[in-house]
Amino acid sequence: MSLVDRQSIALLEWVEELARDSLSEVVDADTWALRNGVPETELRSLVHSLVDGGFLKDLVIDQGCWVSLASAGVAELQAIRRKRTNRLERNTYVRNVILQWLYDHEGERVRSLAEVINDPQVHFYGDTLTSDETRRAFSYLREQSMVRARAAFGGDAVIPRITARGIACVESGKTVADFTDPQHSGGNVYNTYLPNAQGVIVGEQQNFTQTNNAGVDPSAFIQLAGYLGQVSATLGLEDSERIELERAAQELHAAATSTSPDPGRLQSLTSRIVDGLTNAAGTIAGQIALQMGQDALGSLG
């Protein structure tokens with residue numbers, strides 16, 4: 001049994017600290033409950049759970065809830081501290097928990113990432129997340145097109161939102177790492193045929209046929225590139241933005257129609273296109289292209 005409940009960890013750490021400071025193995029857990037606003041019934045349930053798990057020993061004394069730390073409790077606290085300093089495990093957790101939190105609160109009026117940090121259910125083995133690690137994790141998710149953000153009025157904070165690709169990740173039951181870096185060796189074989197692909201393939205007016213075992217269906221990426229080739233001039237973009245978007249679309253077309261499409265390359269180019277469509281979202285064509293981009297990214301899961 002390994003502890004993940006925040007209150008259980010907090011009580012164990014308090015027992016350990018007070019026992020050390022008071023030079024007494026036995027402490028009254030009622031003191032901890034009073035300081036932390038924990039009701040008596042909840043405290044008793046918590047203590048019973050920790051005693052049953054072998055982490056605490058309780059003593060029958062007329063007054064108070066007297067407990068001492070068991071050897072299993074000492075070992076558990078040592079293991080928890082090692083986990084807290086494991087950078088890889090912590091970064092992985094923060095990315096996953098942010099995405100799950102935004103999914104759970106989709107449709108609500110989330111104002112900033114601080115709401116994730118302040119949620120008592122969000123912690124890493126009882127340790128509160130920091131604003132720096134939360135921002136880094138959000139930036140990573142944004143690069144993966146799983147979240148988006150817009151500036152909050154009157155400040156530097158961002159208003160976070162989950163994207164269709166982020167929703168697909170959560171609903172797939174996969175971790176962020178598994179979703180963004182799937183094992184494609186020996187993956188599905190895709191037979192792609194686009195008949196009379198006028199306007200679908202940038203710069204070409206012919207049928208397109210491809211068979212690949214790279215584990216990715218390129219159809220959505222080919223169609224996105226072709227659509228952008230048709231509508232780029234109608235998106236209301238500055239010339240430099242339009243040129244960059246068209247260049248990315250051409251590169252996406254080349255990558256998607258290669259004999260062995262690279263999922264990482266498709267993801268990178270499509271993410272570039274989605275970012276480039278930000279200023280075009282006010283047009284119908286821009287909204288369609290943005291949705292096509294997000295759907296294409298979602299297909300990589």
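This is a predicted model: local features need pLDDT of at least 70, side-chain atom pairs count only at pLDDT 80 or more; totals for chains, interfaces and linings use all residues.

I started with Glu 244, which counts as partly exposed at 31% relative accessibility.

Next I looked for its partner. Glu 244 makes a salt bridge with Arg 272, and the closest N and O atoms are 3.0 Å apart. This pair ties together distant parts of the chain: Glu 244 sits in helix H11 (residues 239-256) and Arg 272 in helix H12 (residues 263-276), 28 residues apart. Arg 272 is partly exposed too, at 30%.

I then checked Arg 272 for another bridge and found one to Glu 251, with the closest N and O atoms 3.3 Å apart. Here again H12 is linked to H11, the two residues being 21 apart in the chain. Glu 251 is partly exposed at 25%. I noted a network of salt bridges that joins Glu 244, Arg 247, Glu 251, Arg 265 and Arg 272. My search of the whole structure gave 14 salt bridges.

For a local pair I picked Glu 40 and Arg 44, bridged at 3.5 Å between the closest N and O atoms. They are four residues apart in helix H3 (residues 40-52), so about one helical turn separates them. Glu 40 is exposed at 55%, while Arg 44 is partly exposed at 24%.

Last stop, helix H4: which of its residues are buried? I got Gly 73, Glu 76, Leu 77, Ala 79, Ile 80 and Arg 84. They cover an arc of only 165° around the axis, so they lie on the same side of H4. On the other side, Ser 71 and Arg 82 are exposed. The buried residues pack against helix H1 (6-22), strand E3 (66-69) and helix H5 (87-104).

Conventions. Residues are numbered from 1 along each chain as its sequence is written. Side-chain values use heavy atoms; hydrogens and water are left out. Buried means under 20% relative accessible area, exposed over 50%, partly exposed in between (1.4 Å probe, protein chains only). The arc is that of the directions from the helix axis to the C-beta atoms. Contact means heavy atoms within 4.5 Å. A salt bridge is a side-chain nitrogen of Lys or Arg within 4 Å of a carboxyl oxygen of Asp or Glu.
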